[in-house]
Amino acid sequence: MWKSVGELSCDDYVKAGLTLEDAKGFDKLVRDVISTAIETDPRDQWKALVDESVLKPWHPHPLHQLLYYSVYSNWDSSALGPPLYWFPSPSHSKSTNLGKLMETHGPRLLGPSYKNPLESFELFRRFSVEYPEVYWSVVIDELSLVFHTPPRCILDKSKPGGTWLPDAVLNIAECCLMPSSHPKKEDDSVAVVWRNEGFDDSPVSQMTLKELREQVMLVANAIGGSFEKGDTIAIDMPMTVDAVIIYLAIILAGCIVVSIADSFAAKEIATRLKISKAKGIFTQDYILRGGRRFPLYSRVVEAAPSKVIVLPASGTELRVQLREQDISWMDFLSSAKTHLSGENYYRPIHLPVDSVINILFSSGTTGEPKAIPWTQLSPIRSACDGWAHLDVQVGNTYCWPTNLGWVMGPTLIFSCFLTGATLALYQGSPLGRGFGKFVQDAGVTVLGTVPSLVKTWKRTNCMEGLNWTKIKYFATTGEASNVDDVLWLSSKAYYKPVIECCGGTELASSYIIGSPLQPQAFGAFSTPSMTTRIIIFDENGVPYPDDQPCTGEVGLFPQHLGATDRLLNANHDEVYFKGMPMYKETQLRRHGDIVKRTVGGYYNVQGRADDTMNLGGIKTSSIEIERVCDQADECILETAAVSLTPPNGGPELLVIFAVLKEGFKKQSEEELKMKLSRTIQKDRNPLFKVSFVKIVPEFPRTASNKLLRRVLRDQMKQELLSFRSRI
């Protein structure tokens with residue numbers, strides 16, 4: 001139980017890590033600042049403390065905890081909504097991308113109802129939902145899009161769901177690479193900055209827009225000589241400068257990128273190559289992480305692709321023996337150089353806007369991953385949401401440790417290059433101080449994360465002494481945030497906002513998110529994204545009123561620019577629409593999340609409506625995990641996999657329930673946990689971690705013999721709560 005802020009004394013500050021002398025000065029400062037707050041509203045008290053920079057990034061975390069939790073010690077979230085920690089100022093709001101747009105167009109679009117970006121944000125967002133074609137007509141102009149053939153309109157409503165930018169023809173990679181006056185991108189603008197792990201004291205490397213364009217055109221030329229327009233070409237490598245160049249080059253050449261995460265086992269790589277019918281794959285000989293080398297080419301070869309182009313992880317020489325049909329990166333590029341003829345030696349392949357340019361994968365509730373095609377509309381959506389909600393703009397340096405196999409890899413590329421921001425890449429592990437020093441040295445202003453990464457930074461204290469105060473926004477996605485972890489993160493930049501993002505590969509965006517024009521609460525989403533309307537409905541499919549606090553499954557309105565209208569290996573309508581309720585004669589689109597809307601209109605994601613799990617930011621299914629676990633040891637009869645959110649919030653925990661065969665030696669749960677962990681990490685994903693194993697005599701089932709995972713999940717929740725109450 002925390003004291004109220006008025007009850008804190010020097011002794012409390014000493015216990016939180018200050019010297020006695022510093023504690024006396026700090027105590028006086030806190031009391032002076034708190035006294036200026038309006039009455040005793042905790043929000044005003046916290047805002048005053050942040051505005052006066054009372055808490056410094058270098059102060060010990062227990063001090064930050066003490067002040068924040070003491071300010072809000074008597075806060076009733078059920079009646080007042082989540083406690084707020086960041087408040088936009090009127091002056092700051094007018095300098096944001098969306099604020100400037102509202103100041104320019106708000107009076108015309110909203111009439112006398114428009115006041116200013118802060119007071120009119122929700123009104124403008126609702127306008128964007130009712131008139132999405134008007135919103136997109138002004139926002140698309142903010143990106144460096146060059147149409148070879150312009151669209152005849154923004155939205156054609158003649159068909160169900162509508163057709164976005166009909167008849168438009170362009171190449172989205174070309175838009176990323178060409179100079180533009182708005183946003184201001186010049187040939188000598190810095191397009192990419194990067195640093196290799198292990199070279200933490202070396203200058204940050206950089207590449208101008210012209211240099212990037214030349215490199216992409218060189219690779220596109222080589223691709224054009226080895227592949228045909230429309231071929232699918234995979235990338236399975238870390239997100240390096242070379243990977244970004246290859247990604248853009250494949251699209252520039254009129255081919256389709258198949259995105260595969262470099263953490264996958266050979267069987268998973270093979271599945272994705274087969275589904276996408278990839279004609280070739282780019283990869284590396286090894287992955288370099290933490291001073292160690294991990295084989296990658298050998299894993300790719302085990303997946304049996306027809307052609308592999310292999311890059312060296314370091315230097316120019318490969319450290320592997322290639323198969324006869326494979327080719328080294330240098331030999332691949334040499335074939336392109338024989339055809340060069342001046343700076344503009346490669347003419348991009350222009351394609352209709354609804355042409356597929358990227359195939360990504362998202363595991364659903366079946367054993368096979370869904371193959372999700374991105375058209376050229378998807379990057380437009382991704383970049384526009386980054387522009388509006390993360391305020392990505394010219395002069396920003398945007399970093400998000402990710403991979404091209406996950407949705408944030410392509411999203412990061414397009415959010416930078418279509419808005420004129422600089423892409424920042426750390427070519428190594430983001431877990432340690434080296435990454436943090438790169439963030440400091442590269443002058444990163446927008447930093448994306450996942451909660452498990454933040455948890456590691458906080459636990460190891462590896463970022464101590466670094467200066468992250470150039471950061472203006474943090475972002476986080478992939479899994480639920482732990483409040484104390486994001487408190488730690490925000491404190492590293494004088495409490496800049498941590499924008500929570502929740503969406504999906506199939507949406508190319510977030511459906512709920514934060515906004516720089518709204519106060520923010522730790523671990524909560526403050527708004528549906530621009531133009532997105534969500535409906536929360538109960539177990540009978542009955543929608544709750546839009547302004548009512550509630551908890552239920554979320555449904556999305558289907559008229560969503562950039563969202564999928566097809567899947568390669570599944571029935572799109574069955575996956576996203578079958579069984580969903582109607583709302584005002586419109587069938588809602590499924591996303592599968594259980595969402596809580598709080599007092600004050602904030603949102604928390606409570607988990608999945610089905611048995612899909614979110615492990616370390618990667619969505620997978622119970623069936624996929626169980627299929628592997630059932631084969632992990634001969635003593636296992638059957639397993640059931642569930643995930644649950646810890647009582648204090650944070651990433652989902654994987655729990656395996658096991659029924660053992662009769663006649664086998666009884667194993668301890670800890671021993672079985674080690675076996676199951678090794679099997680899952682080998683055959684599914686090395687990032688997955690088993691938190692608990694429970695050996696049970698049998699599983700609860702329905703009358704038709706269906707496994708009741710929900711019952712097992714509830715039992716484990718009760719055990720965790722009981723254990724927590726005893727410590």
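## Starting with one tyrosine

Is Y583 buried or exposed, judged by its relative accessibility? Y583 has a relative accessibility of 15%, so Y583 counts as buried. The word has a cut-off: buried is under 20% relative accessible area, exposed is over 50%, and partly exposed is in between (1.4 Å probe, protein chains only).

Before we go on, note that this is a predicted model, where local features need pLDDT of at least 70, side-chain atom pairs count only at pLDDT 80 or more, and totals for chains, interfaces and linings use all residues. Residues are numbered from 1 along each chain as its sequence is written, and side-chain values use heavy atoms, with hydrogens and water left out.

## Aromatic pairs

Searching the whole structure turns up 25 aromatic pairs. Rings of Phe, Tyr and Trp (its six-membered ring) pair if their centres lie within 6.5 Å; planes under 30 degrees apart are stacked, over 60 edge-to-face, and the rest tilted. Take Y135 and W136: the ring centres are 5.2 Å apart and the planes stand at 75 degrees, so this pair is edge-to-face. Y135 and W136 are both buried.

With F557 it makes an edge-to-face pair, at 5.8 Å centre to centre and 70 degrees between the planes. This pair links distant parts of the chain, 26 residues apart: F557 is in the loop between β28 (550–556) and α21 (572–576), while Y583 is in strand β29 (residues 582–583). Helices (H or I, at least four residues) and strands (E, at least two) are DSSP runs, numbered from the N terminus. F557 has a relative accessible area of 22%, so F557 is partly exposed.

## Charges over rings

Two rings have a charged side chain over the face: R272 over F361, at 5.4 Å from the ring centre, and K307 over F227, at 4.8 Å. To count, NZ of Lys or CZ of Arg must be within 6 Å of the ring centre and within 35 degrees of the ring normal.

## Two crossing helices

Helix α7 (residues 97–110) and helix α8 (residues 121–130) have axes that come within 11 Å and cross at roughly 70 degrees. Axes are lines fitted to C-alpha atoms, for helices over the stretch in contact, with angles from 0 to 180 degrees between N-to-C directions. The two helices are therefore roughly perpendicular, a label for 65 to 115 degrees (under 35 is roughly parallel, over 145 roughly antiparallel, the rest oblique).

Contact (heavy atoms within 4.5 Å) involves L98, L101, M102, L109 and L110 of α7 and F121, L123, F124 and F127 of α8.
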